[in-house]
Amino acid sequence: MLLDAVQLQKILPHRYPFLFIDRVLSATPGESIVAQKLVSIGDPILQGHFPDYPILPGVVQVEAMAQAAVVLANLSGVFDPALHNCLFLGIQEAKFRGPVVPGDVLTIEVKAQRLGRIGKFSGETRVGDQVKSSGVFTAIIEPKRSAAGGAA
């Protein structure tokens, strides 16, 4: 394992219950990253997302891909969590192919199509060898702003 949940929290601003990556298995800076989310019946979102048939929402799968992209940008040297925020600009070609349920291990693979201030990524989530979701998305890296409204 390359990064665990504690190490990820040094890169990502997200915290429970909005941290959707549990570990990073591998990464090639500038190219790709493979991460995992362990889906648990204890996940708060599953308490209200079809209580009699709990499934991980597609938007959470997309957010997990985006969080993996931020970690890839950090490992590639273009994102510093002390200096920057990374925000979604768009999601294209999102497809959802099957439910993700408690007990599943969701593997998240993201490839950089373009890294820089404006990044473009393609991502895919799988459980075993079954693709569950995929998409192309863009994000922007912006300087953090101070409380007074200027750049930090």
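Mentor: A pocket is an open set of points on a 1 Å grid over the protein atoms alone, with protein on both sides within 12 Å along at least five of seven lines; a cavity is a set where a 1.4 Å probe fits but cannot get out, and lining residues have an atom within 4 Å of a point. Rolling a probe the size of a water molecule over the atoms shows where empty space is left. Points are joined across faces, edges and corners, and a volume is the space filled by probe spheres set on them.

The model is predicted, so local features need pLDDT of at least 70 and side-chain atom pairs need 80 or more, while totals for chains, interfaces and linings use all residues. Numbering starts from 1 along each chain as its sequence is written, and side-chain values use heavy atoms, without hydrogens or water.

Take the second largest pocket, with a volume of about 210 Å³. Its lining includes Tyr-16, Pro-17, Phe-18, Leu-19 and Phe-20, and also Lys-37, Leu-38 and Val-60. By class, 9 of the lining residues are nonpolar, none polar and 3 charged. Here Ala, Val, Leu, Ile, Met, Phe, Trp, Tyr, Cys and Pro count as nonpolar, Asp, Glu, Lys and Arg as charged, and the others, Gly among them, as polar.

Helices (H or I, at least four residues) and strands (E, at least two) are DSSP runs numbered from the N terminus. Two strands pair if DSSP finds at least two bridges between them. S2 has 7 antiparallel bridges with strand S4 (residues 105-114), and Leu-38 has Val-105 as its bridge partner there. Strand S1 (residues 23-28) is also antiparallel to S2, with 5 bridges; one of its residues, Ala-27, is the bridge partner of Ile-33. The hairpin of S1 and S2 has 3 residues between the strands, and Gly-30 takes a positive phi near 80 degrees.

Now the other spaces. The largest pocket has a volume of about 260 Å³. Among its 20 lining residues, Pro-13, His-14, Val-70, Cys-86 and Leu-87 lie nearest the centre. Helix H2 (58-75), strand S3 (84-96) and strand S6 (130-143) each give two or more residues to that lining, which has 13 nonpolar, 5 polar and 2 charged residues.

There is 1 cavity of 30 Å³ or more, and the largest cavity holds about 60 Å³ of space. Of its 13 lining residues, Ala-73, Cys-86, Gly-119, Phe-121 and Ile-141 are the closest to its centre. H2, strand S5 (118-127) and S6 each supply at least two lining residues. By class, this lining has 11 nonpolar, 2 polar and no charged residues.
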